[in-house]
Amino acid sequence: DAVFELACNQARERWTVLEGYLSENGPLHLGERFTVADMQIAFWACYGMRYLSEIFENFPAITACYERASAQPRSGPLLKAFQQTVRERSSRPWLPK
């Protein structure tokens, strides 16, 4: 549907801006310093867009940020559990087939 496509396009534009920032300044939001901003990026990346893997397939700097966040000893297990929950609930009836 047109509204969904518009939303995906706008989200993709914003992910592209973040990808550019992380590519130039990363691998994390503040360079090498891990912060809550990196966890937020990682959590949102887990949701994907049209497909769960779309962020990870198309945005390598965001994927690198996610990987660094998931490697953190305290927050990494939480992030991995969250990603598993998203995968289990990924039937998403609102997504076009």
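Let's start with Met 49, which sits in the loop between helix H2 (36–47) and helix H3 (54–58). (Helices are DSSP runs of H or I with at least four residues, strands are runs of E with at least two, and both are numbered from the N terminus.) What you're looking at is a predicted model, so local features need pLDDT of at least 70 and side-chain atom pairs count only at pLDDT 80 or more, while totals for chains, interfaces and linings use all residues. Residues are numbered from 1 along each chain as its sequence is written, and side-chain values use heavy atoms, with hydrogens and water left out.

**The overall picture**

- The chain has five helices and zero strands, so reading along the sequence gives you the pattern α-α-α-α-α.
- How does the radius of gyration fit a compact globule? For 97 residues such a globule would come out near 13 Å, and the chain's 14 Å agrees with that. (This radius is taken over C-alpha atoms, and the globule rule is 2.2 Å times the number of residues to the power 0.38.)
- Along its principal axes, the C-alpha trace covers about 40 × 30 × 20 Å.
- Of the 97 residues, 36% count as buried. (Buried means under 20% relative accessible area, exposed means over 50%, and partly exposed is in between, with a 1.4 Å probe and protein chains only.)
- Take the contacts between residues at least 6 apart in sequence: 66% of them join residues at least 24 apart. (Contact means heavy atoms within 4.5 Å.)

- Met 49 and Ala 7 are 42 residues apart along the chain, yet their C-alpha atoms are separated by 9.3 Å.
- Thr 63 belongs to helix H4 (residues 60–70). With a relative accessible area of 13%, Thr 63 is buried too.
- Skip the residues up to four places away in sequence, and Thr 63 touches Ile 55 and Phe 56.
- Thr 63 and Leu 78 are 15 residues apart along the chain, and their C-alpha atoms are separated by 17 Å.

**Charges and salt bridges**

- There are 11 positive and 11 negative side chains, and the centres of the two sets lie 8 Å apart. (Lys and Arg count as positive, Asp and Glu as negative; His and the chain ends are not counted. Each charge is placed at NZ of Lys, CZ of Arg, CG of Asp or CD of Glu.)
- Side chains of opposite charge can pair when their charged atoms come close.
- How many salt bridges does the structure hold? It holds three. (A salt bridge is a side-chain nitrogen of Lys or Arg within 4 Å of a carboxyl oxygen of Asp or Glu.)
- One joins Glu 54 to Arg 12, with the closest N and O atoms 3.0 Å apart. This pair links distant parts of the chain, 42 residues apart: Glu 54 is in helix H3 and Arg 12 in helix H1 (residues 2–25). Glu 54 is buried, at 10% relative accessible area, whereas Arg 12 is partly exposed at 29%.
- Another has Arg 68 bonded to Glu 32, again with the closest N and O atoms 3.0 Å apart. Arg 68 lies in helix H4 and Glu 32 in the loop between H1 and H2, so this pair ties together parts 36 residues apart in sequence. Arg 68 is partly exposed at 32% relative accessibility, and Glu 32 is exposed at 58%.
- Arg 14 and Glu 13 also meet in a salt bridge (3.9 Å, N to O), and both of these residues are exposed.

**Asp 38, a charge without a partner**

- Asp 38 lies in helix H2. Asp 38 is buried yet has no salt bridge, and the nearest side chain of opposite charge, Arg 33, is 8.2 Å away.
- Which residues is Asp 38 in contact with, leaving aside neighbours within four places in sequence? They are Leu 28, His 29, Arg 33, Cys 65 and Ala 69.

**A cis peptide bond**

- Most peptide bonds are trans.
- Gly 26 and Pro 27, though, are joined by a cis peptide bond, with omega about 25°.
- You'll find Pro 27 in the loop between H1 and H2.
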